[in-house]
Amino acid sequence: MFDRLAPIVLPFLPARAAARIGHAPHWAVPLIVVVLAQMVIGLLAHGLRVEQTIAHIPPSATQAELTIVREELERALPWDLAVVPLKETAGAAAGAVVLGLVIAALGIAQRPRFAMLFALCIGLAGIGIAEKGAEIAFLSTTGHVSAVPPYPWSGLVFADSRAVSYPVGLLLTTINLFTLWYVRALARALAVLCNISKAHAVLIAVVFWAVTAGCAIAVLHLLRNAYVFTF
């Protein structure tokens with residue numbers, strides 16, 4: 001039974017979970033669990049997303065226009081939840097490909113199969129879910145509506161969020177305690193899967209995180225500029 005659920009416990013027992021993944025990379029049940037958890041998070045975050053969107057609409061908007069926006073967001077919720085399985089599967093697959101390329105580029109002799117890396121990425125998604133849960137709790141209790149809130153566990157809390165640029169704010173937000181948890185869990189797992197030293201595994205984990213985080217920040221910045229967002 002543990003073999004089938006190994007990716008789920010990977011954030012907490014990375015070395016042991018990686019050993020089981022290396023023996024039998026089961027990913028179907030963990031993927032279903034992650035998808036369901038993401039749907040629950042999506043439902044919990046929906047109200048906050050609506051309020052943040054409304055807060056950034058120009059003051060000149062009429063009440064009727066605000067109502068239309070709310071209704072559009074409510075109608076979009078079922079579709080947003082429906083595409084979660086596709087998003088999670090594609091995200092884990094893309095992560096497995098990128099991680100495999102990083103491992104190959106750094107000259108690791110023992111390279112895990114795609115199925116192993118896919119299961120590994122599914123397991124790491126649990127850390128992202130925990131971070132989203134913490135974000136929802138923080139925003140619900142503080143009422144922050146800024147595009148890049150100063151989460152107390154992120155690097156942005158040590159800077160003036162109003163003075164830094166949007167990309168820098170995203171970077172400082174990304175550098176947080178959950179990132180350290182992510183890198184540590186990934187490094188411990190890779191040390192087992194690739195049979196390499198902890199230092200080498202940490203290097204791979206940091207490079208992988210930097211590539212994926214850098215791409216995400218770049219995409220968000222481009223979208224912000226393309227739609228001329230002011231926050």
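Predicted model: local features only at pLDDT ≥ 70, side-chain atom pairs only at ≥ 80, totals over all residues.
A residue counts as buried when its relative accessible area is under 20%.

**Where H5 meets H6**

- Helix H5 covers residues 84-105 and helix H6 covers residues 114-142; they pack with their axes 8 Å apart, at an angle of about 120 degrees.
- That angle makes H5 and H6 oblique to each other, and their crossing is right-handed.
- On the H5 side, the contact is made by Glu88, Thr89, Ala92, Ala93, Gly95, Ala96, Val97, Leu99, Gly100 and Ile103.
- H6 brings Phe114, Leu117, Phe118, Leu120, Cys121, Ile122 and Ala125 to the contact.

**Aromatic pairs**

- Searching the whole structure turns up 8 aromatic pairs.
- One of them joins Phe138 and Tyr151: the arrangement is edge-to-face, with 5.4 Å from centre to centre and 70 degrees between the planes.
- Phe138 sits in helix H6, while Tyr151 belongs to the loop between H6 and helix H7 (166-174), so this pair ties together parts that are 13 residues apart in sequence.
- Both Phe138 and Tyr151 are buried.
- Trp153 and Phe178 make another edge-to-face pair, at 5.8 Å centre to centre and with 80 degrees between the planes.
- Trp153 comes from the loop between H6 and H7, and Phe178 from helix H8 (residues 177-193), so here the parts tied together are 25 residues apart in sequence.
- Trp153 counts as buried because its relative accessible area is 17%, and Phe178 is buried too, at 14%.

**The aromatic cluster**

- The residues of these two pairs turn up again in one aromatic cluster, formed by Phe12, Phe138, Tyr151, Trp153, Phe178 and Trp181.

**Back to Ser154**

- Ser154 lies in the loop between H6 and H7.
- Leaving aside residues up to four places away in sequence, Ser154 touches Leu172, Thr173, Ile175 and Asn176.

Definitions and conventions
Residues numbered from 1 in each chain as written. Heavy atoms only, no water. Axes fitted to C-alpha atoms, helices over the stretch in contact; angles between N-to-C directions. Helix = DSSP H or I, 4+ residues; strand = E, 2+ residues; numbered from the N terminus. Parallel < 35°, antiparallel > 145°, perpendicular 65-115°, else oblique. Left-handed = near helix turned anticlockwise from the far one by under 90°. Contact = heavy atoms within 4.5 Å. Phe/Tyr/Trp six-rings, centres within 6.5 Å; stacked < 30°, edge-to-face > 60°. Buried < 20%, exposed > 50% of the residue type's maximum accessible area, 1.4 Å probe, protein only.
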